[in-house]
Amino acid sequence: MTNPAAMTAPRSRRTHPHVPSGGVVAELRGVRKDYGTVQALRGIDLQVRSGEVLALLGPNGAGKTTTVGLLLGLLRPTAGYVALFGGDPQRTDAKVRIGAMLQISGVPATLKVREHLELFASYYPAPLPVARALELADLTEVAHRPYGKISGGQKQRVHFALALIGNPDLLFLDEPTTGLDVGARRAFWQQVRDFIGSGRTVVLTTHYLEEADALADRIVVVDHGAVIAEGTPAEIKARTAGRRVHAVTGLELDVVRALDGVVSVERNGAALEILASRAEPVVRELLQRDPALRDLEVGGAGLEDAFLALTKGSQA
Amino acid sequence: MTTATANPTTAPKRNLAHLYLLETKYEFLKLWRLRAYSLSTLAFPVMFYLIFGSTFGGFSTQGIRVAAYLMVSYAAVGVINAAVFAFGAGVAGERGQGWMMLKRVSPMPASAYFTAKTLMAVMFSVLVLVALTITAFLLQGVRLPVVTWLELLGTLAAGVVPFAALGLAFGYALGPNSAPTVLNLVNLPMTFVSGLYIPITQLPPVVQHIAPYLPAYHFGQLALAAIGARPVGTVAHHLLVLAIFTAVFLFAAVLAYRRDEGRTYG
């Protein structure tokens, strides 16, 4: 799917009258997780509600995968409470209701795509038909090829198909599009939407704001092992829609910092690097105050800037 | 969709027999298609028999013809390779890939994974014995009564257990890349010193003194006893030693698993 319009198409599930505003299906309460002296999570509270698509957004090393590992029962918390469907994540009756696409390097190369799915289907009481899973992940054409002989993108889709073969109520997608090109990423989002259309719950981790925006109902931003912001994609985007302004100017740092709309200022040689919530009023002020200003550039803020803006927001 | 606990009376149940069957079937196919595995397990013992069986087949040792001795000992080598590599290289590789993690997150019973690997190694044991039986018959006219042959098969199949345990300990301790090499470095000297490549009586005395400290020696002697070779030591003694080795390897496997837990999620 390469039609850009599809990206901004209204997400029917958000306004769907039958989307259950359900109870909590997965939960972390006051969870800390240390690896030796490294604090991966420093007291996280998180509730996943039935029927929602929740994105955990954050830079690499923020603690997203650790959070998923705890919810899946792969890790035990150093402190705090973790529950999946109201109990221990390692229970079989919890496991049969989830599916997970994890960051793995592969599955055995000599088994065929169809065989992998048939095997995993046998683990679940009410799995999807293998043909349906192949179709949902766009793998029908390579169903009879060994896993070792398909492309990287197809392998990623096999991991996706393995996550949904059990027909899960709750689907975990841990960095599902890492390494995919833009076209493949958008196609994957459409596959996810097709699968979750019927009101399933999804926990997605990603470091792409665009991905969280494309799929999620609610975004929780994590950084350095803590939740720093939470909201709808529109709310998060509004808070991260910063612009980067670059200019060579004689104006003092403090003067610029005090301008309306400026989030942060840094000196970079002769130039100032300004992060602003909106560029226009800042640029207007700068030009008025410093007629000698030159080398003006305005660009979109990267994700790092967005996180900086959010971090400042959460401290304010 | 509801988040309430599913009603146990109406909830569909998975078919556990089907689950175990598929797990075993695909474990077998996975390795059968992997030439590095199936060749080293099946073809190498036959190849060695072709070389050493035709050279020394006419001699006798421990009261039986060397032709029969080597048929049994190379079958034992095949069983040891099948078990050690299925568990050692298999577990290390599947941990490294993340397939193990995916399986741990899935509702697959852990016992299905280990049962499948064990049965797979047993199936390879049957295949290697059949291949060697045919080769030994054609080449050296070795013939065993059916009951004796079945007793041998049972002994060989049971031998999967201690070497699966050995493989498991290495599988949790080693990385995916180093595992095959390290296992070869363990297996080859162990099987050679245990008298499985060349009859133990033909090996230098110092080697004959080392052999009793190796599980492969006791396994080989049990298999030879099954076809009526004059045993060195009693069957009970060999069984006891193998049981101790199995316990030690399993304990080591548990330790290695604990050490690894939370790192590769294996």
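**Exercise 1.** State where pLDDT stays under 50 in chain B and how many contacts beyond four places in sequence the model has there.

*Solution.* pLDDT is the predictor's confidence in each residue, from 0 to 100. In chain B it stays under 50 over residues 1-8. For this stretch the model has 9 contacts beyond four places in sequence, a contact being two residues whose C-beta atoms, placed from the backbone, lie within 7 Å.

This is a predicted model, in which local features need pLDDT of at least 70, side-chain atom pairs count only at pLDDT 80 or more, and totals for chains, interfaces and linings use all residues. Residues are numbered from 1 along each chain as its sequence is written, and chains are lettered from A and ligands numbered from 1 in the order in which they are written.

**Exercise 2.** Describe how helix α3 (residues 66-97) and helix α10 (residues 215-226) of chain B cross.

*Solution.* Helices are DSSP runs (H or I, at least four residues), numbered from the N terminus. Step one: the two axes come within 9 Å and cross at roughly 135 degrees. Axes are lines fitted to C-alpha atoms, for helices over the stretch in contact, with angles from 0 to 180 degrees between N-to-C directions. Step two: α3(B) is therefore oblique to α10(B), as angles under 35 degrees count as roughly parallel, over 145 as roughly antiparallel, 65 to 115 as roughly perpendicular and the rest as oblique.

**Exercise 3.** Which residues of α3(B) and α10(B) meet?

*Solution.* From α3(B) come B:Tyr69, B:Val72, B:Ser73, B:Ala76 and B:Ile80. Their partners in α10(B) are B:Ala216, B:Phe219, B:Gly220, B:Ala223 and B:Leu224.

Definitions and conventions:
Helix = DSSP H or I, 4+ residues; strand = E, 2+ residues; numbered from the N terminus.
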